[in-house]
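Thanks for coming, everyone. I'll walk you through one structure today. Take a look at it first.

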Amino acid sequence: MSTIPVEFKKSGTTLQYQSNEHLPMSLVDLAFDEGLMLRAGCRNGYCHTCKCKVLSGEVKHFFEVQNVKEDECLPCCAYPLSPLSIDA
């Protein structure tokens, strides 16, 4: 397992994501586990409440998502592939 830094730009918080390719954790779960509250509704990619800009780095969604631009992500169903900064 490796550690990937994830910056949540709006709060100025950087958290360490423990990567686990067999059981990835969403960015929303990472934030919530550390006491950082992000906007999230359904938490499964349908409502788009959590949609935000990817400022740098790369994310992967657990499944194909709709109406999300290349520079955006749904943190409720995404995890980092590289050091990441998101506008959340």
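**Contacts and overall shape**

Let's start with contacts, meaning heavy atoms within 4.5 Å. In the protein chain, among contacts between residues at least 6 apart in sequence, 45% join residues at least 24 apart.

Two notes on the source. This is a predicted model, where local features need pLDDT of at least 70 and side-chain atom pairs count only at pLDDT 80 or more, while totals for chains, interfaces and linings use all residues. Residues are numbered from 1 along each chain as its sequence is written, and side-chain values use heavy atoms, with hydrogens and water left out.

Now the layout. From the N terminus, the order is β-β-α-β-β-β-β-β. The radius of gyration is 12 Å, close to the 12 Å of the globule rule for 88 residues, so the chain is as compact as a globular protein of that length. That radius is taken over C-alpha atoms, and the rule is 2.2 Å times the number of residues to the power 0.38. The C-alpha atoms fill a box of roughly 30 × 30 × 20 Å along the principal axes.

Next, the inside. Of the 88 residues, 38% count as buried. Buried means under 20% relative accessible area, exposed over 50%, and partly exposed in between, with a 1.4 Å probe and protein chains only.

Which residues have the most contacts inside the largest nonpolar core? They are Phe8, Leu27 and Ile86, in a core of 25 residues. Such a core is a set of buried Ala, Val, Leu, Ile, Met, Phe, Trp, Tyr and Cys residues joined through side-chain atoms within 4.5 Å. Helix H1 (27-33) is one of the elements that each supply at least two residues, and so are strands S1 (3-8) and S7 (84-86). H1 gives the most, with four. Leucine 27 touches, among others, Val6, Phe8, Tyr79 and Ile86, not counting residues up to four places away in sequence.

Last, the rings. There is one aromatic pair. Phenylalanine 62 and tyrosine 79 are stacked, 5.5 Å centre to centre, with 25 degrees between the planes. Phenylalanine 62 is in the loop between S4 and S5 and tyrosine 79 in S6, so the pair ties together parts 17 residues apart in sequence. Rings of Phe, Tyr and Trp (its six-membered ring) pair if their centres lie within 6.5 Å; planes under 30 degrees apart count as stacked, over 60 as edge-to-face, the rest as tilted. Tyrosine 79 is buried at 17%. Phenylalanine 62 is partly exposed at 37%.
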